[in-house]
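Colleague: I am new to reading protein structures. Could you walk me through a few features, one at a time?

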Number of protein chains: 2
Amino acid sequence: MEHLKTYPAFPGWYADVSWPGEAHIYKMEKILFHGKSEFQELLVFETSRHGKIAIPDGYIQLTENDEFAYQEMLIHLALCSIPNPKKGGDGGILREISRHSSVEHIDICEIDKMVIHVYKKFFPDIAVGYEDPRMHVHIRDGVAFINSVPEGAYDVIILDAFPAMGHSADVLADKCFLESIAKALRPRGVLLWHTNSEVADTIANCKIFKGSVNYAWATVPAYVSGAIGFMLCSTEGPPVNFKHPINKLNPEKNGVAKGPPKFYNSEIHATAFFCGQGWLIQQDIHK
Amino acid sequence: MEHLKTYPAFPGWYADVSWPGEAHIYKMEKILFHGKSEFQELLVFETSRHGKIAIPDGYIQLTENDEFAYQEMLIHLALCSIPNPKKGGDGGILREISRHSSVEHIDICEIDKMVIHVYKKFFPDIAVGYEDPRMHVHIRDGVAFINSVPEGAYDVIILDAFPAMGHSADVLADKCFLESIAKALRPRGVLLWHTNSEVADTIANCKIFKGSVNYAWATVPAYVSGAIGFMLCSTEGPPVNFKHPINKLNPEKNGVAKGPPKFYNSEIHATAFFCGQGWLIQQDIHK
């Protein structure tokens, strides 16, 4: 349990040590799963306040009680911004994509089978997205996958991987990878991914997207900062106006999701692009 | 150091235990102040990521690096919402009030002299508000103070005390105290205070305000949830439309503050009232 040893232990508590000099700690009411695949170490435990929590490689991924904010924003900020999105690429936010009836084909690329099994067993309401008949699951490396698809194949690509997490860090910061993604998108196609820090570097790399580049954010209380940022990029063509969603979600069409979204709506979409000036300066978004 | 012992100690780390079952912990680079008055125990230490942190009685009050979000919103959500605010009451956000040139008289009531001395010494950029010539400092209990002022004395009252903090909890949840505040306000006068939980109870108590009652929020990364909520209430008269600020801050008039606000602007003001539906439901704001 290498990652659990990083900090002196509270017996029965878990320390999320995403950032140096501080940590968010949780009382583990019950450990539900602790396993190791060839790719990562995954821990799932029950808490009194946040429900079940999933922690791959020592970085918190989600808690049952606030995952919706993160996942809904990651999907709907993109899919509500362009007319008639039909084909989605890499990503793990299947339940939310399922609400979009215009979508005809969804490819999900996940390198680690263990993750899918654990989510299906311990987070059935989240993993429900795998049941969507439009879903095509590819168990392989995301970079190899995106390099193998035809040019202009996708309307939308969602990247759901944290730059801070181990080996994926370099890949996401890498211009070449972003270029591969841009190639895989049709003209005016959209990439959405999340970013927590190094916003200035990220924006510099996003210059390869010739359409619109925007930054939005949402609040996710379980993350140490309580907030998460999103980058929205589009390829050449008339600019995509991310700040004014053109598609409203249909409250009667939820795909395989059980019930309507809990966080996202069109007003939240528009306001997500307003950022306190202090944060903007801290994050160098003005550069 | 009673409050520091609540959790098993990380040597050299501090655990903020505001909520049961989880905590935010900080590496203390240097302890700058640790003292006890007749009212509370106050700890000030240096961190690498958040600057100096002030912790009265085991609950985090502010960090140097994000205090502005909280303090600016607490003041400007109120003072930008009504025409020509002139007299402010109880509160500790003096630097921000100072930006409002319409204000003629500011009463600040603080029970504990130690707090003022520590802030002046270790947080001079925050305590700068005490230098405003319109400021009148009253060292006494806030409840007794508010009961002693004439009816209709104030345009605006800002309550800067956490319901979760010891003895002030009962007072803030108490209808009688809110009634005293309502009496101290002129018709269409405004009360603003922050609230983190028990929103349903708070809203029920706010019914004594016959004007507008609204809920807004801001992000403050250092708090465990990363967010804080504000209640905005006005007394009888034409409703105050908190969601659409009528006063813009003048970027050239910052009073004794050194430079313009870092978080607040008119757009942030308006968007602070949009809340993810899921949070609204969790917080029972619909009741």
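Modeller: Happy to! Helices (H or I, at least four residues) and strands (E, at least two) are DSSP runs, numbered from the N terminus. The expected span of a helix is 1.5 Å times one less than its number of residues. Before we use that, note that this is a predicted model, where local features need pLDDT of at least 70, side-chain atom pairs count only at pLDDT 80 or more, and totals for chains, interfaces and linings use all residues. Residues are numbered from 1 along each chain as written, chains are lettered from A and ligands numbered from 1 in the order written, and side-chain values use heavy atoms, without hydrogens and water.

Colleague: What span should the 13 residues of helix H1 of chain A have?

Modeller: Helix H1(A), residues 67-79, should span 18 Å, and its end C-alpha atoms are 18 Å apart, so the two agree. H1(A) also has a kink of about 25°, centred on Met73(A); the bend at a residue is the angle between axes fitted to the seven residues ending there and the seven starting there.

Colleague: How many residues of H1(A) are buried?

Modeller: Buried means under 20% relative accessible area, exposed over 50%, and partly exposed in between (1.4 Å probe, protein chains only). In H1(A), 13 of its 13 residues are buried. Across the 287 residues of chain A, 57% count as buried.

Colleague: Is Arg95(A) buried or exposed?

Modeller: Arg95(A) counts as buried because its relative accessibility is 9%. Arg95(A) sits in helix H2 (residues 94-97) of chain A. Contact means heavy atoms within 4.5 Å. Beyond its neighbours within four places in sequence, Arg95(A) is in contact with several residues, including Glu67(A), Phe68(A) and Gln71(A).

Colleague: Which side chain makes a polar contact with the side chain of Asp160(A)?

Modeller: A polar contact is a pair of N or O atoms within 3.5 Å; within protein, one must be able to donate a hydrogen and the other to accept it, and residues adjacent in sequence count only if both atoms are side-chain atoms. For Asp160(A), the partner is the side chain of Tyr70(A), at 2.2 Å. Asp160(A) lies in the loop between strand E10 (154-159) and helix H6 (168-173) of chain A.

Colleague: What is the phi of Asn84(B)?

Modeller: Most residues other than glycine have a negative phi. Asn84(B) has a positive value, near 55°. Its place is the loop between helix H1 (67-79) and strand E7 (87-88) of chain B.
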